[in-house]
Every structure is written in structure tokens, then in C-alpha cells.
Amino acid sequence: MYVLGIEGTAWNLSAAIVNEDDVIIERAATYTPARGGIHPREAAQHHSEHIGPLLREVIQGARDRGIKIDGVAFSQGPGLGPCLRTVATAARVLALKFKVPLVGVNHCIAHIEIGKWKTGARDPAVLYVSGGNSQVLALRRGRYRIFGETLDISVGNMLDKFARSVGLPHPGGPRIEELARKAKGYIPLPYTVKGMDFSFSGLATAATEAARRYDLADVCYSLQETAFAMLVEVTERAMAHAEKREAMLVGGVGANQRLGEMLRLMCEERGARFYLPEKRFMGDNGSMIAYTGLVMLKSGVSTPLESSGVRPNYRTDEVEVRWA
Ligand code: AMP
Ligand code: MG
């Protein structure tokens with residue numbers, strides 16, 4: 001079975017075709033804000049300018065390989081409303097044109113499913129950390145339950161905000177990681193875990209304050225150590241509660257080597273296995289939507305046109321996981 005998937009919840013517009021075995025083709029167009037953070041309307045404008053040529057290229061790629069598309073998947077949410085609408089419109093048109101089923105995919109679940117597919121993890125506790133989301137999830141009784149999540153902004157957004165406040169370009173995560181490697185010492189910053197949830201906006205403010213008085217590399221290092229320790233603590237607790245012997249890291253912030261190292265250590269100490277997908281499958285990508293669409297279609301799930309409206313606040317636990 002071949003499924004075309006389109007991702008475009010925020011900064012990355014990406015389309016891909018996958019089958020059960022592999023990614024056949026993937027193309028992306030990245031929106032980079034001229035200044036400041038992601039502007040929803042500008043991002044949507046970017047997506048609508050690029051989606052035509054992007055899809056043409058991917059569909060041509062399928063034709064060149066003699067592939068017939070069996071379904072069209074799109075990221076239905078969560079994400080920025082205007083961006084989601086651009087993607088959903090294109091997906092509906094293609095499903096009608098090819099006369100194949102349409103399937104709306106939950107973006108967070110897609111991160112998890114592609115991670116499992118590519119790493120071989122079977123039933124992990126998942127730390128999903130990106131520009132828009134920070135959640136700890138695990139499959140329980142047929143749904144991806146959210147064990148813990150941010151009470152305010154995501155960890156990626158926090159890193160990007162702090163970076164902007166000290167004059168580093170967007171996205172801030174990679175630059176902070178680079179600088180943190182040159183640090184000489186730790187500066188105490190607020191550590192906020194409440195039950196199974198965490199909060200990052202106070203940490204961003206405190207780090208911005210600290211950067212006025214301390215070496216920037218030391219602040220970047222301390223910011224990472226503090227934020228990541230919070231995430232690892234909650235992931236470990238979720239593993240204990242849900243009795244999971246595996247952990248997996250997904251989402252764009254997962255590219256951070258220090259975060260991977262901290263999770264790996266925690267897993268080693270618990271005798272659990274740690275899974276880290278390749279970088280290209282960690283941030284937002286079309287393949288994850290195509291692949292999740294494929295497993296959904298194979299389990300008999302599709303989305304009729306009348307239910308294909310976008311869902312900016314789509315929660316993972318609203319989805320019944322029939323394919324696991
Ligand atoms: P996503 O929304 O999943 O595509 O992830 C985007 C987020 O990942 C942005 O907030 C980036 O700053 C962050 N990010 C990317 N690379 C790194 C890195 N090496 N360390 C920390 N954050 C990163
Ligand atoms: Mg994402």
C-alpha cells in the first residue's frame with residue numbers, strides 16, 4: 001500500500017509517500033521567520049505558495065516509479081489554524097482527484113508512530129518535545145494517554161524565546177546547545193515540576209535575567225540542564241506508573257544530544273531500553289503523516305470529508321488506537 005502524507009502544522013511543509021517498508025519520496029519547504037518567532041498567517045502564506053509545486057514533485061516522483069497512491073493522509077492537528085487549513089484543503093482535493101480514502105492524522109501520534117517504525121520500539125513511554133508541544137505519553141488501553149505536559153509553553157518555544165531575548169537567531173535550540181558545550185559552570189535556575197506536569201515560562205524569564213549578569217555559555221548550559229532534568233524526571237515517573245520497559249524521544253528538541261544522553265542514562269539505571277529515531281524523523285516531516293495514515297487505513301480507519309475539518313487543539317487521547 002502506498003500513502004501520500006502532508007505535514008504543515010507549523011514551520012515545515014512536507015509531503016511524502018511511504019509504503020509498509022520505507023519512505024519512497026519526501027520533499028519539504030521550510031518557513032523561516034524574517035525576525036521573531038513563527039507568525040501563523042505568514043507561515044500559512046508560505047505553505048500555500050509552496051504546496052502546489054511540492055505536491056506536483058512528489059506525485060511526479062510516484063509516477064516515475066510506477067506507483068499508484070492508495071490513500072491521502074494529512075495532519076489534522078494540533079497546530080496553527082491557518083497552516084492546518086492550507087494542508088487540509090490540498091489533501092481533500094487530492095483524495096477526490098485520485099478517488100482514494102482521506103485520513104486525518106493526529107500530529108503528535110504521527111511523531112510516535114514513525115519513531116516506533118524507525119527504531120523498533122514496541123511499547124515505549126514517549127517524551128515528545130518540539131516547538132509547539134511538550135508531553136510525556138504512553139499507550140494504555142487503546143489510547144495514547146498524556147501522563148504529563150507543559151502547563152504553559154513548550155520546551156522548544158522556551159529555548160527559542162530565550163535565544164531571541166539574547167540576540168541569537170531562530171530556531172534557538174541548536175545555538176543554545178552549541179554554546180552550552182563551552183560552559184564552565186552551573187547557575188541555579190528555577191526547576192518547576194508540579195505532579196506530572198512541568199512549566200517553562202518562569203525558567204525562560206530567569207535565564208534572560210541571568211544572561212545580563214553571567215556568561216552566556218554558562219546560562220545556556222544551566223538552562224538545558226534544568227529544563228531537561230524536569231523532562232527526564234517526569235518521563236521516568238511515567239515509566240514507573242505505566243510499567244514501561246522502554247522510552248523513546250521524539251520531536252525537534254530531540255535532536256539535542258544532551259537531552260538524549262540524560263534519557264539514556266536514566267534508562268540504563270532502570271534497566272530499560274532507550275530509543276532515539278534518526279534526526280530526519282524526529283522533527284516535523286511528511287513521512288510521519290504518511291506512515292501513520294497507512295497504519296490507520298490498514299486498520300480500517302479513514303476520515304469522511306464532512307469530518308475532515310482542522311483540529312488546532314486535537315488531543316492524542318481523543319484517538320482510538322486500533323492499529324497497535
Ligand atoms: P519541531 O516543532 O518538532 O519541528 O521542533 C522545532 C523545535 O526544536 C524548535 O523549538 C527548535 O529550537 C528545537 N530544536 C531543534 N534542534 C535543537 C537542538 N539541537 N537542541 C534543542 N532544541 C532544538
Ligand atoms: Mg511536531
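Which residues in α3 meet Ser287, Met288, Ile289, Tyr291 and Thr292 in α9? They are His107, Ile109, Ala110, His111, Glu113, Ile114 and Trp117, where contact means heavy atoms within 4.5 Å. Before going on, please keep in mind that this is a predicted model, in which local features need pLDDT of at least 70, side-chain atom pairs count only at pLDDT 80 or more, and totals for chains, interfaces and linings use all residues. Residues are numbered from 1 along each chain as its sequence is written, chains are lettered from A and ligands numbered from 1 in the order in which they are written, and side-chain values use heavy atoms, leaving out hydrogens and water.

Let us stay with the two helices. The axes of α3 (residues 107-119) and α9 (residues 286-298) come within 8 Å and cross at roughly 85°, so the helices are roughly perpendicular to each other (a word used for angles of 65 to 115 degrees). The axes are lines fitted to C-alpha atoms over the stretch in contact, with angles running from 0 to 180 degrees between N-to-C directions. Helices here are DSSP runs of H or I with at least four residues, and strands are E runs of at least two, numbered from the N terminus. The contact divides into seven nonpolar residues, four polar and one charged; Ala, Val, Leu, Ile, Met, Phe, Trp, Tyr, Cys and Pro count as nonpolar, Asp, Glu, Lys and Arg as charged, and the others, Gly among them, as polar.

Finally, have a look at the backbone in some loops. A cis peptide bond, with omega about -5°, joins glycine 77 and proline 78, and proline 78 is in the loop between β4 (71-77) and α2 (81-98).

Conventions:
Angles under 35 degrees count as roughly parallel, over 145 as roughly antiparallel, 65 to 115 as roughly perpendicular and the rest as oblique.
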